[in-house]
Amino acid sequence: MEKRIVTFRNVSFRYRESLPWVLNNVSFSINADEWVAIIGHNGSGKSTIAKLMNGLLTPQEGEILVNGTPVTPETIWEIRKNIGMVFQNPDNQFVGTTVQDDVAFGLENRGFPRKEMVKRIKQTLLQVGMEAYTLHEPHRLSGGQKQRVAIAGVLAIAPQVIILDEATAMLDPRGRLEIMETMHHVKEQHNVSFIMITHDLKEVVRADRVIVMSEGKVVEIAPPRDIFAKKEKLQQSGLDIPFVAKLVDELTKLGTKLSKEPLNHDELLEELWTLYLKR
Amino acid sequence: MDIIFEKVSYVYQKNTPFEHQAIQNLSFHIPSGAFVAIVGHTGSGKSTVIQHLNGLLRPTKGEVRIGEYILSSDQKIKELKQLREKVGVVFQYPEHQLFEETVVKDIAFGPQNFGVSQNEIEARTKSAFEAVGLSEELRERSPFDLSGGQMRRVAIAGILAIQPEVLVLDEPTAGLDPKGHREIMSMFKRLHRENELTTILVTHSMEDALEYADHVIILDHGTKYMEGKPEEVLIQKDKLQAVQLDVPEIIQFLFRVENIFGVKIPYQGQSIVDLASELNRLIRGDGSSE
Amino acid sequence: MNNAFIVGQYVPGESMIHRLDPRSKMVIIFLFVIVVFLANSVWSYGLLTIFTVLTTLSTRIPLSYIAKGLTPVWLLIVFTFILQLVVTKEGAVLFQIISYPIYSGGVAQGAAISLRFFLLILVTSLLTLTTTPLEITDAIESLLHPLKRIKFPVHELALMMSISLRFIPTLMQETEKISKAQASRGVDFKSGPIKNRIQAIIPLLVPLFVSAFKRAEELAMAMEARGYQGGDGRTKLRELRIEGIDYLAISVFFLIVIGLFLTRV
Ligand SMILES: Nc1ncnc2c1ncn2[C@@H]1O[C@H](COP(=O)(O)OP(=O)(O)OP(=O)(O)O)[C@@H](O)[C@H]1O
Ligand SMILES: Nc1ncnc2c1ncn2[C@@H]1O[C@H](COP(=O)(O)OP(=O)(O)OP(=O)(O)O)[C@@H](O)[C@H]1O
Ligand SMILES: [Mg+2]
Ligand SMILES: [Mg+2]
């Protein structure tokens with residue numbers, strides 16, 4: 001069996017007793033080295049899940065395990081060494097006064113010796129393509145550049161799990177693509193699990209599995225291929241399906257027989273090409 | 001109201017060591033009643049451009065003409081308030097501007113400032129409520145108790161209630177889920193069509209630019225990089241990729257089809273349904289495309 | 001951002017003053033503030049002025065920029081001067097303005113005090129112009145380190161300062177953004193009766209507070225997520241180091257102080 005890195009067991013959560021439940025009996029697990037996307041309408045509880053995962057919030061019911069250890073006030077500092085998180089608003093997570101200081105922040109907190117810090121800062125800034133900005137202040141960076149610095153800050157501590165909570169929402173198309181490529185690159189080189197919270201379906205199709213949230217409940221956990229085959233169910237939850245899935249849907253209606261559910265341009269074109277040759 | 005930019009440059013913090021040229025020698029013409037998308041990489045100057053449209057910024061060089069109002073470096077216009085009543089700007093994350101105790105009060109704030117009569121304000125808030133699809137029961141709620149998507153709608157309604165002739169939108173759907181995104185964009189399209197509202201949309205989504213606009217302006221480092229009909233501009237893959245942008249997904253797909261099948265299906269604004277039948281014909285080897 | 005906001009904001013540079021250890025800069029300025037009050041002769045004032053002018057020039061920051069930053073201060077200096085003219089009744093009467101006699105003592109006194117004031121302001125603003133906020137907080141943390149023994153929260157204080165400094169430009173931008181958004185909804189911050197202008201503050205302040213709180217909350221969360229749990233066990237990337245130029249600067253300053261004692265009367 002594959003190693004489970006994060007497990008949610010019947011987790012329920014609300015922000016205050018007077019408020020309604022935000023998460024309702026949520027269970028799932030994430031394997032080591034896996035890429036998981038979490039999607040869901042606004043307010044469905046995605047960010048809350050992320051915050052529960054590294055103990056920023058504590059559930060009223062249920063249990064959360066990271067690496068087999070339950071997340072409790074006593075274990076959170078150990079757990080946070082293994083989980084890195086990038087939030088949506090690049091401004092509100094930039095702690096340092098310069099790029100280099102910001103990347104250092106997580107390392108300083110964990111007591112890394114200076115020599116090691118300098119090495120890792122250099123290395124990770126190179127990885128995210130920000131080595132030319134080491135001494136820049138945050139207000140002289142664009143949103144995308146700040147996000148890259150935030151990612152470098154997470155990579156520097158070499159966590160086992162990286163959570164990106166709508167980290168590409170404010171970027172231009174290339175900026176998004178570049179961050180995705182960076183993440184792929186990192187994943188090839190290290191053993192990490194990615195948890196990616198997003199509204200962008202193009203980012204979702206690349207995941208190994210997708211968790212669909214709706215009104216505080218998990219409504220589906222499956223590989224993207226299976227998820228996007230269930231068009232109605234997704235649309236009920238305020239979501240959409242990607243371009244390719246829509247096109248496949250229309251082609252099927254016209255009587256075109258596609259063998260498996262294609263997810264990206266390549267897969268769809270390959271199937272169409274085969275049909276074309278057999279015409 | 002026609003909007004004309006004539007060799008406009010803008011420099012932030014001029015004459016300090018932090019001086020920064022945000023737009024440079026920019027000229028374009030937006031005719032009354034158009035739906036224009038402004039696209040560009042982060043920091044390309046989009047937000048700077050739109051702040052000229054209602055006189056929040058004055059050009060450092062050049063001239064901006066909005067109907068009969070003229071903005072230039074040496075001349076301050078007196079009728080700034082009139083201009084702001086005619087050009088409504090929805091900023092990025094407009095929910096950050098909410099402050100009143102109730103939703104209705106916040107929506108009425110703009111019209112009140114422009115001296116609209118109480119009766120008229122009531123009529124306007126009502127129609128603004130409908131336009132953005134907010135349910136009536138939210139009227140007396142505090143805007144801070146709403147969800148992000150609802151707050152966004154309240155903020156947009158606050159601008160619609162001013163009843164501007166030009167509507168300027170700075171990434172109005174950032175952070176919304178796909179359903180909210182679709183609803184808000186179709187609302188803008190409807191307003192544009194029904195009220196002949198000149199609409200200027202700043203967006204990072206090439207798909208939206210293709211779907212909603214009838215004219216696109218592409219910015220790069222504060223200068224105009226390309227301009228024209230979306231179906232002509234947004235197919236120039238290499239040129240777009242050189243400035244941190246990309247072609248919309250449907251066009252990407254059509255390029256791949258051409259590559260593999262050696263047959264060009266031109267983009268003519270077809271819907272996914274149309275495209276499916278074209279593809280269907282293509283793989284069966286019949287139809288005009290062979 | 002409005003120009004008035006950038007007064008005294010750090011200007012990146014490579015000058016010798018920029019490169020000094022922030023602690024030496026702070027110690028020198030602290031001592032300068034004291035010794036300025038020792039000057040009492042033309043020569044001693046001259047010496048301090050030359051020191052200040054040379055230091056200012058060696059930062060290689062455009063003088064026009066520094067002068068602009070000092071604009072509000074000029075008013076204060078002129079006011080101080082006039083005040084001294086009017087209240088001091090020593091020495092010979094030089095001339096009369098309307099019915100006020102102006103004494104030579106008043107002119108001397110006024111000039112001395114204004115100059116002192118000017119030098120103080122200029123030298124302290126050189127600190128913020130040539131030192132990043134972070135260096136300043138690092139220096140404070142290091143200089144106050146001995147207080148840790150009496151349980152004074154030195155690290156927390158320094159961190160709080162550096163975060164406030166980090167967020168000042170952000171909050172300025174935020175203020176500007178909100179006031180632009182409200183201006184687009186017809187708020188007039190600049191003209192009209194005073195009563196309306198005061199009312200116009202509310203649509204600015206409420207969103208600003210809401211956003212500041214939200215930012216603070218998100219920032220605290222981000223810091224915690226990144227493993228921050230106070231100063232214990234924390235290492236530091238930045239190391240302050242006293243080097244050759246620091247010894248040089250301090251020696252030069254001590255020569256000035258000795259010169260000052262010699263030129264005093
Ligand atoms: N600090 C808080 N206090 C009270 N309620 C909160 C708080 N944060 C979130 N909520 C509520 O909890 C619910 C889930 O919020 P959450 O932020 O997890 O949603 P989300 O899925 O991340 O949404 P989005 O796509 O908008 O980011 C929402 O109804 C929200 O209003
Ligand atoms: N108030 C300001 N002071 C100084 N520089 C500024 C200010 N506002 C913007 N800039 C700079 O001007 C340039 C253009 O900024 P602008 O906000 O117009 O870009 P944008 O295209 O809207 O970017 P985004 O897609 O990130 O919103 C950027 O380099 C930015 O850093
Ligand atoms: Mg969220
Ligand atoms: Mg912008």
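## Ligand 1 in chain A

In this predicted model, a polar side-chain atom of Tyr15(A) lies 3.4 Å from a nitrogen atom of ligand 1. This is a polar contact, that is, a pair of N or O atoms within 3.5 Å. Two backbone contacts involve oxygen atoms of the ligand: a backbone N or O atom of Gly43(A) lies 2.8 Å from an oxygen atom of ligand 1, and a backbone N or O atom of Ser44(A) lies 3.2 Å from an oxygen atom of ligand 1. Taken alone, ligand 1 exposes 640 Å², of which the protein buries 65%; accessible areas come from the Shrake-Rupley method with a 1.4 Å probe.

The surroundings of ligand 1 comprise 13 residues, and the closest are Asn42(A), Gly43(A), Lys46(A), Ser47(A) and Thr48(A). A residue is counted here if one of its heavy atoms lies within 4 Å of the ligand.

## Ligand 2 between chains B and C

Ligand 2 is surrounded by 16 residues, the closest being Gly43(B), Gly45(B), Lys46(B), Ser47(B) and Thr48(B). Because the surrounding residues come from chains B and C, the site is shared between chains.

An oxygen atom of ligand 2 is 3.1 Å from an N or O atom in the side chain of His20(B), and an oxygen atom of the ligand is 2.9 Å from a polar backbone atom of Gly45(B). A polar side-chain atom of Ser47(B) lies 2.7 Å from an oxygen atom of ligand 2. Taken alone, ligand 2 exposes 630 Å², and the protein buries 75% of that. The elements that give two or more residues to the shell are β2 (20-30) and α1 (46-53) of chain B; α1(B) gives the most, with 3 residues. Helices (H or I, at least four residues) and strands (E, at least two) are DSSP runs, numbered from the N terminus.

## Aromatic pairs and charges over rings

Over all chains there are 15 aromatic pairs. Rings of Phe, Tyr and Trp (its six-membered ring) pair if their centres lie within 6.5 Å; planes under 30 degrees apart count as stacked, over 60 as edge-to-face and the rest as tilted. The pair Phe8(A) and Phe28(A) is stacked, because the ring centres are 4.6 Å apart and the planes are at 15°. Phe8(A) lies in strand β1 (residues 4-13) and Phe28(A) in strand β2 (residues 23-31) of chain A, so the pair ties together parts that are 20 residues apart in sequence. Both Phe8(A) and Phe28(A) are buried (under 20% relative accessible area; exposed is over 50%, partly exposed in between; 1.4 Å probe, protein chains only). In chain C, ring pairs link Phe32(C), Phe51(C), Phe253(C) and Phe254(C) into a cluster.

Arginines also lie over ring faces. Arg80(A) is over the face of Trp77(A), at 4.8 Å from the ring centre, and Arg139(B) is over the face of Phe129(B), at 5.7 Å from the ring centre. The criterion is NZ of Lys or CZ of Arg within 6 Å of the ring centre and within 35 degrees of the ring normal.

## A buried serine in chain C

Ser211(C) is found in helix α10 (residues 202-225) of chain C. Ser211(C) is buried, with a relative accessible area of 11%. The C-alpha atoms of Ser211(C) and Ser64(C), 147 residues apart along the chain, are separated by 35 Å.

## Basis of the values

Residues are numbered from 1 along each chain as its sequence is written, while chains are lettered from A and ligands numbered from 1 in the order in which they are written. Local features need pLDDT of at least 70, side-chain atom pairs count only at pLDDT 80 or more, and totals for chains, interfaces and linings use all residues, while side-chain values use heavy atoms, with hydrogens and water left out.

Notes:
A polar contact is a pair of N or O atoms within 3.5 Å; within protein, one must be able to donate a hydrogen and the other to accept it, and residues adjacent in sequence count only if both atoms are side-chain atoms.
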